[in-house]
Amino acid sequence: MENKTAPLENLCSFQGMKPAMMELPYPPIRAEEKNLSFANLLSVDYCGSVSELSAITQYINNENRLSCETCSVAKVILSIAMAEMMHLQKLGELIYLLGGDVDYVAKYCDRKKFLWTPAYLTIPRSAKEMLLADIESEKQAIGQYEMHIRMIQDGCVNAVLKRIIQDEEYHIMLLQAMLKEL
C-alpha cells in the first residue's frame, strides 16, 4: 500500500493587492529641460546598489520566502514591492525626458558605470532580519533621494523625488509596525 501525502500548496492569496503608497497624487512627470547629469543621478536611484530595482527584487524575494509561513507579512511586503515598481517606472520616464538611457546601468558622477546585479541585495534568513534589512534599505534610499534633490536643479524632477520619499517613509512605518508584531 502506497503512502501518499497531500501536495504542497501556498494558500496565501494575493488577489486584489494594491501598492502601498501614500494617498497623495504624484506631480506630473516632466523636466524643465534635458540634462544628462541629472539623468545619470537618477540612474543610480533607478538601478544602483541603493535603488528601486534593488528594492523591488529584495522585497519580492522576501515575499516569496514568507508567503507560506506568514501570509499577512508577505502581503504587505508585496504591496511595498508594487509601490517600488511605480517608483521605478516614474524614474525611468524622468531619465528619458532628461535625455538619459534606461538601460540598468547606474552612471555615477565619477564616470563609473555599473550594471545592476543581485549582489546588491541583502537576503537574510528570518522574517525579523528581513524586515530590519528592508527598513535599512528604505532609510538609505531616502538619504540618497535627499542628496540627489540637493544636486538636481530642476523643480519638476525634485517634486517627483520628494513625493517618492513620502512613500518610502510610509514603507518604513509599515515595516516597523510588522516588526513589532513578530
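There is 1 disulfide to find here, and keep in mind that you're looking at a predicted model. The bond joins C12 and C71, whose sulfur atoms sit 2.0 Å apart. The link is right-handed, with 75 degrees about the S-S bond. Since C12 belongs to the segment before helix 1 and C71 to helix 3, the pair ties together parts that are 59 residues apart in sequence.

What about C47 and C68? The sulfur of C47 is 14 Å from the closest cysteine sulfur, in C109, so that's too far for a bond. For C68, the closest cysteine sulfur is in C12, but at 8.1 Å that's also too far for a bond.

Here's how these cysteines sit:

| Cysteine | Relative accessible area | Class |
|---|---|---|
| C12 | 11% | buried |
| C71 | 27% | partly exposed |
| C47 | 1% | buried |
| C68 | 58% | exposed |

Now for the inside. The largest nonpolar core has 48 residues, and L42, I77, L161 and L175 touch the most other members. Helix 1 (36-47), helix 2 (52-66), helix 3 (71-97), helix 4 (127-151) and helix 5 (155-181) each give two or more residues to this core, with the largest share, 10 residues, coming from helix 3. Beyond its neighbours within four places in sequence, L175 is in contact with Y59, I77, I80, L131, D134, I135 and E138.

N62 counts as buried, because its relative accessibility is 1%. Its side chain makes a polar contact of 3.1 Å with that of R65, and another of 3.1 Å with that of D134. Leaving out residues up to four places away in sequence, N62 touches I77, M130 and D134.

Conventions:
Residues are numbered from 1 along each chain as its sequence is written. This is a predicted model: local features need pLDDT of at least 70, side-chain atom pairs count only at pLDDT 80 or more; totals for chains, interfaces and linings use all residues. Side-chain values use heavy atoms; hydrogens and water are left out. A nonpolar core is a set of buried Ala, Val, Leu, Ile, Met, Phe, Trp, Tyr and Cys residues joined through side-chain atoms within 4.5 Å. Buried means under 20% relative accessible area, exposed over 50%, partly exposed in between (1.4 Å probe, protein chains only). Helices (H or I, at least four residues) and strands (E, at least two) are DSSP runs, numbered from the N terminus. Contact means heavy atoms within 4.5 Å. A polar contact is a pair of N or O atoms within 3.5 Å; within protein, one must be able to donate a hydrogen and the other to accept it, and residues adjacent in sequence count only if both atoms are side-chain atoms. A disulfide is a pair of cysteine sulfur atoms within 2.5 Å.
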